Every structure is written in C-alpha cells, then in structure tokens.
Amino acid sequence: MEEVLQVENINVYYGAIHAIKNVSFTVNQGEIVTLIGANGAGKTTTLNTIAGLLRSTTGAIRFLGKPISGLPAHKTVAEGLALVPEGRRIFLQLTVQENLEMGAFTRKDPVEKEESLERVFSYFPRLKERRKQIGGTLSGGEQQMLAMGRALMSSPRLMMLDEPSMGLAPILVEQIFEIIHTLHAAGTTILLVEQNASKALSVADRAYVMETGRITLSGTGAELAQSDEVKKAYLGG
C-alpha cells in the first residue's frame with residue numbers, strides 16, 4: 001500500500017510551550033485515518049504543521065515520498081494536499097461559486113476547473129442550488145459543505161479535515177459523515193481530526209489518540225472503539 005503521508009518525529013513549539021512532542025504516524029493511499037483526543041491535545045497543531053502553516057523544529061514530513069517540511073501552505077496545496085480548517089474559514093463576502101473557484105487557484109486548465117466544480121456539485125447538491133448565494137448567509141452545515149467543496153476543487157490526493165462536525169446539529173453531523181464516507185468510497189484519502197470520537201472511529205480505517213502533544217495509542221478504528229481506555233476517556237463508557 002502506497003504511503004501518501006509520513007510524519008516522522010515532529011516537534012512544534014508556541015514560544016516556550018512544547019505543543020507537539022515527537023509525533024510520528026502514516027496515512028496510506030485510500031485510508032481514512034483519524035486523530036482523536038481532548039481539546040488542546042495538539043491535533044489541530046499537527047494538521048497545521050503538515051499543511052505548512054506551522055513549522056516543526058525536528059523530524060520530517062513526506063507527502064507522496066517528497067519532503068514537504070517547511071514548504072509554505074500554498075505550495076502544499078499545489079502538491080495535492082488540502083486542509084479544511086477548523087471553523088470553516090470560508091470567504092463570507094463571496095458567493096458559493098466564487099468560494100469554490102478560490103479552491104482551484106492551483107488549476108490552470110479551465111476545463112479541469114469546470115469538471116471539478118461539477119464533481120463538487122454532485123457531492124453537494126445544496127451548494128449547486130445556492131451557487132449564487134453569499135457565503136456568509138449560509139447555515140453552519142452549508143458552510144461546512146462549502147469548506148469541504150472548496151478543498152475538493154484542487155483535486156487533492158489527501159484531504160485533511162479539522163473538526164468538520166464542530167457546532168453542528170446531530171442531523172447535520174450525520175450528513176457530514178455520510179459525505180466523508182462518499183468521498184472515501186470515491187478514492188479520496190482522508191486525515192480526520194474530530195472531537196466526536198465515536199463518529200470518527202466508526203469511519204476510520206486506522207486511528208491515533210493524542211494526549212498533551214503525544215500519540216499515546218494507535219490501532220484500527222474498530223480496535224480503539226473497543227478499547228476500555230478510549231471508551232472511558234472519549235466515548236463516555
């Protein structure tokens with residue numbers, strides 16, 4: 001199985017705070033891998049470091065076999081890595097379609113862009129209905145769909161999702177996870193950071209538990225869902 005992402009021994013500091021401590025993990029082609037853990041465990045910091053928004057002082061990050069540590073964020077997108085950030089961060093003043101087109105800034109071929117747009121609309125029919133609507137007027141669930149659609153516009157080899165269900169009503173959480181399932185079935189490799197540990201483990205091929213900047217447990221999604229330690233800490237069991 002081809003390794004899409006290799007994270008080896010990264011350490012990240014915010015000033016004097018040692019946020020990420022010797023973290024290593026891999027994501028293989030076609031997998032959903034999830035990082036679960038409490039707030040402040042270092043999950044978002046890990047994604048932001050892979051995406052090029054933060055820098056590790058040690059170790060290496062390889063994407064499709066190529067070192068990407070230290071690459072700026074817009075270059076990692078061009079390499080085929082897309083981040084759907086926590087809090088969605090859509091362009092509130094732009095229309096749905098303009099937001100989506102911003103996601104294709106690395107694509108030069110207009111035909112490819114149009115194909116990407118049609119593919120996104122096939123996953124998210126609601127966005128097609130609202131293509132002329134201003135992003136800031138969408139509901140939270142629609143904004144999350146738009147953030148995911150925008151990331152898909154770059155045809156990523158790896159999609160990183162940071163807390164996609166945060167702040168959404170349970171019925172919308174179900175919808176978002178159905179979409180994650182659909183994207184995965186269509187061949188998208190996904191690295192998922194998610195507070196809703198039971199949902200995350202239910203879709204994950206493999207999972208890692210982060211605590212205070214370290215990876216403390218790993219296994220298949222099913223194994224960790226059955227682990228007493230995980231049940232007690234994250235699944236309310």
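User: Thanks. What is the strand order in the open sheet of 6 strands?

Analyst: The order is E6-E7-E8-E3-E9-E10, and the pairing within this open sheet is mixed. Two strands count as paired if DSSP finds at least two bridges between them, while strands (E, at least two residues) and helices (H or I, at least four residues) are DSSP runs numbered from the N terminus. Please keep in mind that this is a predicted model, in which local features need pLDDT of at least 70 and side-chain atom pairs count only at pLDDT 80 or more, whereas totals for chains, interfaces and linings use all residues. Residues are numbered from 1 along each chain as its sequence is written, and side-chain values use heavy atoms, with hydrogens and water left out.

User: Which strands stand at the edges?

Analyst: Strand E6 (81-84) and strand E10 (214-220) do, and because each has a single partner strand, one side of each is left without a neighbour in the sheet. On average, neighbouring strands of this sheet are turned by 15° against each other, direction ignored; axes here are lines fitted to C-alpha atoms, for helices over the stretch in contact, and angles run from 0 to 180 degrees between N-to-C directions.

User: And in what sense do E6 and E7 pair?

Analyst: E6 and strand E7 (residues 158-162) pair in the parallel sense, over 4 bridges, and Leu158 in E7 is the bridge partner of Leu81.

User: Which helix packs on the sheet there, touching E6 and E7?

Analyst: That is helix H6 (residues 140-152), whose direction makes about 170° with that of E6; contact means heavy atoms within 4.5 Å. Helix H7 (residues 170-185) lies across strand E3 (32-36), E7 and strand E8 (189-193), and it runs at about 150° to E8.

User: Changing topic, which strands form hairpins?

Analyst: E1 and E2 form a hairpin with 2 residues between them, and Gly15 in the turn has a positive phi of about 60°. These two strands run antiparallel and are joined by 8 bridges, with His18 in E2 as the bridge partner of Tyr13. E4 and E5 also form a hairpin with 2 residues between them, and these antiparallel strands are joined by 2 bridges, with Pro67 in E5 as the bridge partner of Arg62.

User: How many bridges pair E1 with E4?

Analyst: Strand E1 (residues 3-14) pairs with E4 over 4 bridges, in the antiparallel sense, and Arg62 in E4 is the bridge partner of Gln6.

User: Where is Leu64, and what is its phi?

Analyst: Leu64 is found in the loop between strand E4 (60-63) and strand E5 (66-67), and it has a positive phi of about 55° although it is not a glycine. Glu163, in the loop between E7 and H7, likewise is a residue other than glycine with a positive phi, near 55°.

User: Is Glu163 buried or exposed?

Analyst: Glu163 counts as buried because its relative accessibility is 4%, whereas Leu64 counts as partly exposed at 30%. The cut-offs are under 20% relative accessible area for buried and over 50% for exposed, with partly exposed in between (1.4 Å probe, protein chains only).

User: How many aromatic pairs does the structure hold?

Analyst: It holds 1 aromatic pair. The ring centres of Phe25 and Tyr208 are 5.5 Å apart and the planes are at 50°, so the pair is tilted. Rings of Phe, Tyr and Trp (its six-membered ring) pair if their centres lie within 6.5 Å, and planes under 30 degrees apart count as stacked, over 60 as edge-to-face and the rest as tilted.

User: What does that pair tie together?

Analyst: Phe25 lies in strand E2 (residues 17-28) and Tyr208 in strand E9 (residues 206-211), so the pair ties together parts that are 183 residues apart in sequence. Phe25 is buried, with a relative accessible area of 3%, and Tyr208 counts as buried at 8% relative accessibility.
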